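Please look at the sequence and the model first.

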Amino acid sequence: MSNTSSSDSSVPPDTSISQKLSFSTKLAYGAGDLGPAITANLGVFFALFFFTNVAGLSAGLAGSILMIGKIWDAVNDPMVGVLSDRTKSRWGRRLPWMLYGAIPFGIFFFLQWIVPNFSADRTANNWALFGYYVIIGIFFNSFYTAVNLPYTALTPELTQDYNERTSLNSFRFAFSIGGSILSLILAQLIFALLKIPVTQQYLVLAGICTVLSVLPLFLCVFGVRDRILAYEAEHSSTEQSEQIPIPEQLRIAFSNRPFLFVVGIYLFSWLGVQVTASILPYFVVNWMGLPEAQFPQVAIAVQGTALIMLFVWKAISDRVGKKAVYFMGMALWIIAQAGLFFLQPSQVGLMYILAILAGFGVSTAYLIPWSMMPDVIELDELETGQRREGVFYGFMVLLQKVGLAIGLFIVGQALEVAGFIEQIPGQPTPTQPDSALLAIRIAIGPIPTVALIFGLILAYFYPITREVHAEILLKLQERKSGLERRE
């Protein structure tokens, strides 16, 4: 079945890159992002709040835990990327990482939501908890990378078609956003229905989500295995076997101008997403004055809209291209994000309207940067003759996570400097001073808004259009045909 369209009609129709992916392959690929999405979503929305309001740590210590975990997560990304590029097995390069990393990934996710009691002295216990969460976080982030980074690098190996990649990523992020929504619904049900201590509520939530996170990884591995192995068999004769030293790989990656644009777009988009998500529980509870059980409903409004819009944006992208879709979504998101700063506690209905409006933009943050990355990788292949998906994906996520680590650390420190009062386990929620409330409003409004504007500027100058990508694919095909004729 042909996969050519008006956007890539210059690519010869008899090549593997013109074959459409089956629905089952797309479904299996999408399922691979369910587990990482569930675990990441709970971490983004609940971790800071859990550390301060359940474990009883100060906002400064809580922010430091998240920063250390993110920095380690960033450091191990290029390591796993390079190693997965070099992996040789009967399962190919990427799939063994997902297969063998899935169960440890689930175990260390669960251990993050335990609140051990190390000492009767509160200060000593808090420092012991800090050490525990840092160590568990390092292990969890290591196995998260081991399953998720090779997974993300599968995209260009499954299809080389411009529009088909957007379709593939729409399946991926349907599961990703769906997993995020599922985790929020589970949190809503558990917090509202289970009349047990809050520490046990989090354990029940973590246990259910652990099972839901591990099983789909196996479904993905077995569902895409044949397609991936066929791709690697087809390209093994044309890919060069020499291994480029890491410093040289860095030089090549960062001399790729479109790659730098994609990294920046991704960084600023997700800085907006994750800073907002981490501060949202405080905004809902401390500024809007709503009960903790209502917070997941606000997050569901954002994520539910993002899920619906994912397929709408995909259809629009097929017609007008990725950059135009990103501009549309960001414009709506910026309006919503800026509006949150001016929101008053009595305007609960308007809060939900802004949450839905933000979901329009959040959807493009999921879809567009990841759809751009395979185009960048093929430009590098055209210029160097090498395919280094793992390197590009690794360093993209490294830069993004370092930026987020710094952002989350600053949020935690700013809350502490502003006088935020952490909750003592078992005690009522404390009343926050005006300075802490202002810090919460700034973190949810102006800071993400500025980040999104920077992302919008970078998207304007992103150089790989639909036409440029078709030309890249044509040249790659001509090179491959020349190599085959010489053999």
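Which side chain meets aspartate 226 in a salt bridge? The partner is arginine 225, with an N to O distance of 3.9 Å. A salt bridge here is a side-chain nitrogen of Lys or Arg within 4 Å of a carboxyl oxygen of Asp or Glu.

The model is predicted, so local features need pLDDT of at least 70 and side-chain atom pairs count only at pLDDT 80 or more, while totals for chains, interfaces and linings use all residues. Residues are numbered from 1 along each chain as its sequence is written, and side-chain values use heavy atoms, with hydrogens and water left out.

**Overall make-up**

The protein has 17 helices and zero strands. Both are DSSP runs numbered from the N terminus, with helices being H or I of at least four residues and strands E of at least two. Of its 487 residues, 60% count as buried. Buried means under 20% relative accessible area, exposed means over 50%, and partly exposed lies in between, with a 1.4 Å probe and protein chains only. Among contacts with a separation of 6 or more, 82% are between residues 24 or more positions apart. A contact means heavy atoms within 4.5 Å.

**Salt bridges**

The structure holds seven salt bridges.

| Glutamate 157 | Arginine 93 | 2.6 Å |

Glutamate 157 forms its salt bridge with arginine 93. Because glutamate 157 lies in helix H6 (residues 155-158) and arginine 93 in the loop between H3 and helix H4 (95-111), the pair ties together parts that are 64 residues apart in sequence. Both glutamate 157 and arginine 93 are buried.

Lysine 475 is partly exposed, with a relative accessible area of 38%, and glutamate 471 is partly exposed at 43%. Elsewhere, salt bridges with shared partners join Arg93, Arg94 and Glu157 into one network.

The expected span is 1.5 Å times one less than the number of residues. H13 has a kink of about 30°, centred on phenylalanine 360. The bend at a residue is the angle between axes fitted to the seven residues ending there and the seven starting there. Because 27 of its 37 residues are buried, H13 is largely enclosed by the rest of the structure. Glycine 385 follows H13 and has a positive phi, near 80°.

Helix H16 (residues 446-461) has 16 residues and reaches 24 Å from first to last C-alpha, close to the expected 22 Å. Its buried residues are Pro448, Thr449, Ala451, Leu452, Gly455, Leu456 and Ala459. They cover an arc of only 160° around the axis, so they sit on the same side of H16. The arc is that of the directions from the helix axis to the C-beta atoms. The buried residues of H16 pack against helix H10 (257-287), helix H12 (322-342) and helix H15 (434-444).

Valine 80 lies in helix H3 (residues 59-86), and asparagine 148 lies in helix H5 (residues 122-152). They are 68 residues apart in sequence and 10.0 Å apart in space, C-alpha to C-alpha. Valine 80 is buried at 9% relative accessible area, and asparagine 148 is buried at 11%. Apart from neighbours within four places in sequence, valine 80 contacts Trp97, Thr145, Ala146, Leu149 and Pro150. With residues up to four places away left out, asparagine 148 touches Asp33 and Pro36.

Cysteine 209 is buried, with a relative accessible area of 0%, and cysteine 220 is buried, also at 0%. A search of the whole structure finds zero disulfides, a disulfide being a pair of cysteine sulfur atoms within 2.5 Å.
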